[in-house]
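Please read the following report with the sequence and the structure open beside it.

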Amino acid sequence: MVETVGESKVGQIECIVCGEFYWYPGTPHHETHSVGLPQDYYQYKEYVGEQFGLSENHELLTDDTVINPNKWFDVRDDYPEVEIGLKIR
Ligand SMILES: [Zn+2]
């Protein structure tokens, strides 16, 4: 029998729109923002790009790195100018 092990979570990542920390602030979270602010993950990525001056093809924006605590943990030291908080648990 093969045992499956869930992905271990390093902690929570900041949503830069509201400044709160979440395990994985995807679209269900962004839908809670006020009108005019990002309402889904795609709008959120655009918002992150605008806030930190990243091109839309920037590697941080090509997948879920900016909402995935584990991925962000792995690359954040490479991008000190991108200030997205992480609470290590
Ligand atoms: Zn938020």
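Gly11 stands opposite Ile88 in strand β3. The structure is a predicted model, in which local features need pLDDT of at least 70 and side-chain atom pairs count only at pLDDT 80 or more, while totals for chains, interfaces and linings use all residues. Residues are numbered from 1 along each chain as its sequence is written.

**The overall plan**

The protein contains three helices and three strands, where helices (H or I, at least four residues) and strands (E, at least two) are DSSP runs numbered from the N terminus. Followed along the sequence, these elements come in the pattern β-β-α-α-α-β. Taken along the principal axes, the C-alpha atoms fill a box of roughly 50 × 30 × 25 Å. Of the 89 residues, 19% count as buried; a residue is called buried if 20 or more other C-beta atoms lie within 10 Å of its own, exposed if 12 or fewer, and partly exposed in between, with C-beta atoms placed from the backbone. Two residues are in contact if their C-beta atoms, again placed from the backbone, lie within 7 Å. Among the contacts between residues at least 6 apart in sequence, 41% join residues at least 24 apart.

**The sheet**

The three strands form an open sheet in the order β2-β1-β3, with antiparallel pairing. Strands β2 (21-22) and β3 (86-88) stand at the edges with a single partner strand each, so one side of each is left without a neighbour in the sheet. Two strands are said to pair if DSSP finds at least two bridges between them. Strand β1 (residues 11-14) is joined to β3 over three bridges in the antiparallel sense, and Gln12 has Lys87 as its bridge partner in β3. Towards the other neighbour, two bridges join β1 to β2, and these strands also run antiparallel; here Ile13 has Tyr22 as its bridge partner. The hairpin of β1 and β2 has six residues between the strands, and within this hairpin Gly19 takes a positive phi near 80°.

Two residues from this part of the chain can be described in more detail. Glu14, which is found in strand β1, is buried, because 20 other C-beta atoms lie within 10 Å. Cys15 lies in the loop between β1 and β2 and is also buried, with 23 other C-beta atoms within 10 Å.

| Residue | In contact with |
|---|---|
| Ile13 | Phe21, Tyr22, Pro25, Ile67, Pro69, Trp72, Ile84 and Leu86 |
| Glu14 | Gly19, Phe21, Ile84 and Gly85 |
| Cys15 | Glu20, Tyr22, Pro25 and His29 |

Distances along the chain and through space can also be set side by side. Glu14 and Tyr24 are ten residues apart in sequence and 9.0 Å apart in space, C-alpha to C-alpha, whereas Cys15 and Glu56 are 41 residues apart in sequence and 18 Å apart in space.

**The helices**

Helix α2 (residues 41-52) has twelve residues and reaches 16 Å from its first C-alpha to its last, close to the 16 Å expected at 1.5 Å a residue, where the expected span is 1.5 Å times one less than the number of residues. The buried residues of α2 are Tyr44, Lys45 and Val48. Seen down the helix axis, these buried residues fall within an arc of 100°, so they line one face of α2; the arc is that of the directions from the helix axis to the C-beta atoms. On the other side of α2, Tyr42 and Glu50 are exposed. Helix α1 is included in what covers the buried residues of α2. Just after α2, Gly53 takes a positive phi of about 65°.

Thr27 is found in helix α1 (residues 27-30). This residue is partly exposed, with 14 other C-beta atoms within 10 Å. Leaving aside neighbours within four places in sequence, Thr27 is in contact with Asp40 and Tyr41.

**The nonpolar core**

In soluble globular proteins, nonpolar side chains tend to be buried together. A nonpolar core is a set of buried Ala, Val, Leu, Ile, Met, Phe, Trp, Tyr and Cys residues joined through C-beta atoms within 7 Å. The largest such core here has eight residues, namely Ile13, Tyr44, Val48, Leu60, Val66, Ile67, Trp72 and Val82.
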